[in-house]
Amino acid sequence: MSAAETTTTPATVTLQAEGSVARRQAWSRTSRWILLAATLLGLVVLVILGIDNAIVGIPSLDWDFLSNYPSRFAERAGIRSSILGSVWVLVFTVIFAIPVAVGAAVWMEEFAPQNAILTTVRLNIANLAGVPSIIYGILGLAVFVRLMELGPSILAGALTLALMILPMTVITSVEAINQVAPSIREGSLALGATRWQTVWNHVLPGAMPGILTGTILAVARAAGETAALIMIGAFTFIAFDPALSFGGLLDSFTTLPIQVYNWTIRPQPEFRANAAAGIIVLMIAVIGLNALALVVRDRLRRN
Amino acid sequence: MALASPPDGADLARALRKRPFRRPGENLIVVALVLCAAVSIATTFAIIYVLFSDAIGFFREISFWHFFNPGNEWQTLFDPRSFGVWELVLGTINVTLWSMVIALPLGLAAAVYLSEYAHVQTRRFLKPLLELLAGVPTVVYAYFALTFISDDVLLPLLGGNVSFFNSLSASIMLGLMILPIIASVSEDAMASVPRDLREAAYGLGATRLEVAFRVVFPAAISGIMAAILLAIARVIGETMIVAVAAGSTPNLSLSPLESIQTMTGYMLQVALGDAARGTTDYTSLFAVGALLFLMTFVLNVGAQIVVRRFREAYE
């Protein structure tokens with residue numbers, strides 16, 4: 001006779017917990033939704049603010065708003081000079097910051113001796129990344145505006161922002177270079193390439209998606225920067241286009257975030273709609289840059 | 001004689017470095033690269049020099065004791081003028097406190113959810129969205145703090161109990177801004193807690209909630225501490241939100257409903273005014289800036305030390 005036949009009819013076994021165990025499980029199941037709600041709360045607030053802003057700002061957002069200079073009259077004021085100023089400053093920020101950042105990253109990853117100097121440089125860059133932007137503004141004020149006598153110019157603004165985004169660009173470039181497989185370097189070196197040929201022909205192309213992504217994100221950050229530029233004296237009324245010449249680099253300027261700030265602190269409520277419209281343009285640019293960074297990374301990685 | 005083992009990559013690179021063939025221009029390139037790296041060191045020295053040389057000028061006129069004495073007010077607009085920085089520091093502590101009250105529970109909840117509850121796909125989708133909160137330009141948050149939070153929500157809700165410029169509206173937006181820092185850094189710390197710990201707890205019958213808060217959370221506590229330190233450093237350095245929404249009246253108060261002024265708020269105010277070079281108003285900018293720099297430096301270094309400790313524990 002087998003064992004099964006001797007047993008009495010088995011009681012229906014359920015895995016339903018009882019008492020304190022059931023309570024603990026119920027808590028655990030509920031916690032998922034509480035935590036999810038907490039995770040989403042910040043995003044929900046951002047969406048509400050975005051909708052409110054769109055309602056206030058969209059009526060002012062027309063071609064006149066984009067093509068007019070700032071004005072004392074809210075309905076005539078526009079963002080022409082601040083858009084041009086932003087673009088001009090950002091172009092030169094990138095020109096100044098990216099070669100230096102990539103150069104520093106290449107040295108740190110490919111050429112630097114593994115010693116205390118390298119450790120110091122690494123720690124230094126990590127700390128610079130945490131320095132508040134207003135401190136970079138003070139640095140720009142003292143060094144570029146006053147010492148080098150550039151005044152509150154496009155050049156001084158671009159140099160200040162370049163120093164500000166340098167640490168984060170170096171960090172992303174180091175990560176990108178780090179992710180290039182060592183076998184690629186070894187293969188190139190084994191075929192007789194010099195170290196620089198290896199870096200230029202193999203390491204940098206391989207690291208390009210990461211470097212580009214980091215650059216675009218850094219530009220997004222510089223595009224929204226306000227405090228550092230106000231610090232160097234860029235809070236001014238600009239009713240002209242920056243000249244497309246080397247002399248034009250010494251023109252004073254304003255940027256979109258500064259213009260938004262200007263309209264935000266005006267006591268007259270009419271300017272609130274202008275600020276909201278400026279924010280829409282600024283957010284489209286910043287979200288566009290962030291999206292571009294994601295696309296660039298995906299596309300170049302696939303190739 | 002055979003080699004004991006084939007040379008690894010490092011050996012190979014070292015061997016190749018010694019070969020005589022070199023292109024002459026390459027040394028110049030390396031020099032240029034070293035100069036690039038030197039820019040970052042030079043930046044640090046320049047920041048320290050700029051801040052402290054003018055701060056020393058400030059302390060020639062205003063004594064150290066006067067500056068740090070908690071009994072002195074920060075009153076720079078009219079005589080008798082007084083430079084007791086404690087009022088500005090307390091303003092900074094005020095917004096730090098309230099923004100952490102908002103961001104810490106939400107940020108840690110998000111970290112726990114992303115690390116312990118969310119499916120891989122959900123996490124991949126939610127994390128970049130959360131990061132977007134840190135990418136919003138701070139002047140945009142400043143506008144929202146003043147016009148939406150303060151004007152449209154707090155004033156109708158609290159009426160006369162809250163001033164138009166108040167630390168709460170700034171703190172709410174600061175909290176939103178640092179949410180992704182807390183969530184992201186803490187989540188990284190929780191994700192690197194070894195699986196064994198979780199499995200052992202599940203094996204003993206713990207629920208997901210208990211594993212998350214009694215096992216993973218304590219094990220990741222140093223990473224969470226680092227996240228908090230980084231978030232605080234970010235808040236005390238933030239300028240636009242507090243300058244626009246928190247007011248410009250130095251105030252010895254930790255109340256979220258009053259108008260205050262932070263260190264950064266004062267610095268921006270000086271930049272917007274026209275303090276002549278060499279005046280005490282002008283040099284006070286550098287004294288406050290130097291103090292701010294030191295505070296963020298200590299917080300950032302503290303975060304790095306905490307993170308390193310934490311890495312040693314698990315690798």
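I start with Glu149(A), which sits in the loop between helix H6 (133–147) and H7 of chain A. Helices here are DSSP runs of H or I of at least four residues, strands are runs of E of at least two, and both are numbered from the N terminus. The phi angle of Glu149(A) is near 55 degrees, a positive value in a residue other than glycine. Is Glu149(A) buried or exposed? Glu149(A) is exposed, with 10 other C-beta atoms within 10 Å. The cut-offs, with C-beta atoms placed from the backbone, are 20 or more other C-beta atoms within 10 Å of a residue's own for buried, 12 or fewer for exposed, and partly exposed in between.

A word on the source. This is a predicted model, where local features need pLDDT of at least 70, side-chain atom pairs count only at pLDDT 80 or more, and totals for chains, interfaces and linings use all residues. Residues are numbered from 1 along each chain as its sequence is written, and chains are lettered from A and ligands numbered from 1 in the order in which they are written.

Now chain A as a whole. Chain A has twelve helices and zero strands. Its radius of gyration is 28 Å, well over the 19 Å that the globule rule gives for 303 residues, so chain A is more spread out than a compact globule. That radius is taken over C-alpha atoms, and the rule is 2.2 Å times the number of residues to the power 0.38. The C-alpha trace of chain A spans about 105 × 65 × 35 Å along its principal axes. Of the 303 residues in chain A, 46% are buried.

Within chain A, look at helix H7 (residues 154–178) and helix H9 (residues 195–223). Their axes come within 8 Å and cross at roughly 150 degrees. Axes are lines fitted to C-alpha atoms, for helices over the stretch in contact, and angles run from 0 to 180 degrees between N-to-C directions. H7(A) and H9(A) are therefore roughly antiparallel; that label needs an angle over 145 degrees, while under 35 is roughly parallel, 65 to 115 roughly perpendicular and the rest oblique. Residues of H7(A) that meet H9(A) include Leu161(A), Met164(A) and Ile165(A). By class, this contact has eleven nonpolar, six polar and two charged residues. Nonpolar means Ala, Val, Leu, Ile, Met, Phe, Trp, Tyr, Cys and Pro, charged means Asp, Glu, Lys and Arg, and the others, Gly among them, are polar.

On to chain B, which has 13 helices and two strands.

Helix H7 (residues 167–191) and helix H10 (residues 221–237) of chain B have axes that come within 8 Å and cross at roughly 155 degrees. That makes H7(B) roughly antiparallel to H10(B). Their contact is made by residues including Leu174(B) and Ile178(B) of H7(B) and Gly223(B) and Ile224(B) of H10(B).

Last, the interface. How many residues of chain B are in contact with chain A? There are 72, facing 67 residues of chain A, where contact means C-beta atoms, placed from the backbone, within 7 Å. Helix H2 (residues 25–61) of chain B gives the most to that side of chain B, with 17 residues. By class, the side of chain B that touches chain A has 52 nonpolar, 15 polar and five charged residues.

Notes. Contact = placed C-beta atoms within 7 Å.
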